[in-house]
Structures are given as C-alpha cells and as structure tokens.
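I opened the model to go through its salt bridges. My notes follow.

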Amino acid sequence: MSENKLNLSLEDLFKARFRQSFRGYNMSDVDQIMEDVIEDYATFTKEIDRLNKEIEKLKKGYR
C-alpha cells in the first residue's frame with residue numbers, strides 16, 4: 001500500500017467475490033472472514049476520519 005492511498009475501498013471489499021474451484025476454500029469460511037475484514041476496515045476508516053478532524057481542529061488552535 002502506498003502512503004496515504006488505499007488499495008481497496010470499503011465498497012471494493014463488500015463487492016469482492018471468489019471463484020470456486022475443485023478443492024477450493026470453503027465459501028462460508030471466506031464469507032465470514034470477509035465480513036470481519038469489512039467491519040474492521042469500516043471501523044479503521046471512521047477512526048482515521050475522526051483523527052484527521054481532530055488534527056485540523058488542533059492546527060486551528062495553534063494559529
């Protein structure tokens with residue numbers, strides 16, 4: 001991942017699909033992990049937004 005740029009958006013993760021193949025992964029296991037990743041990703045995104053707002057607020061206080 002490059003600095004300040006996400007490779008995948010929350011929407012990309014939500015829309016992700018995996019092809020089935022012979023002796024492939026158990027799809028319900030993959031779906032569960034993806035749900036957990038999406039939830040965590042959303043949490044991190046909200047926290048980053050909150051922290052960026054706090055940074056801007058603090059910068060304004062020092063001017």
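This is a predicted model: local features need pLDDT of at least 70, side-chain atom pairs count only at pLDDT 80 or more; totals for chains, interfaces and linings use all residues.

E54 is partly exposed, and its relative accessible area is 37%. Its side chain meets that of R50 in a salt bridge, at 3.1 Å from N to O. I checked the spacing along the chain. R50 and E54 sit four residues apart in helix 2, so about one helical turn separates them.

Next I followed R50. Helix 2 covers residues 27-61 and holds both E47 and R50. These two are three residues apart, again about one turn of the helix. For E47 I noted 33% relative accessibility, which is partly exposed.

Which residues are linked in a network here? I wrote down E47, R50 and E54, joined by salt bridges.

Then I moved to helix 1, residues 10-15. E11 and K15 both lie in it, four residues apart, or about one turn. Their side chains form a salt bridge, at 2.6 Å from N to O. I compared each accessibility with the cut-off. K15 has a relative accessible area of 54%. Exposed means over 50%, so K15 is exposed.

Last, I took the total.

Terms used: Residues are numbered from 1 along each chain as its sequence is written. Side-chain values use heavy atoms; hydrogens and water are left out. A salt bridge is a side-chain nitrogen of Lys or Arg within 4 Å of a carboxyl oxygen of Asp or Glu. Buried means under 20% relative accessible area, exposed over 50%, partly exposed in between (1.4 Å probe, protein chains only).
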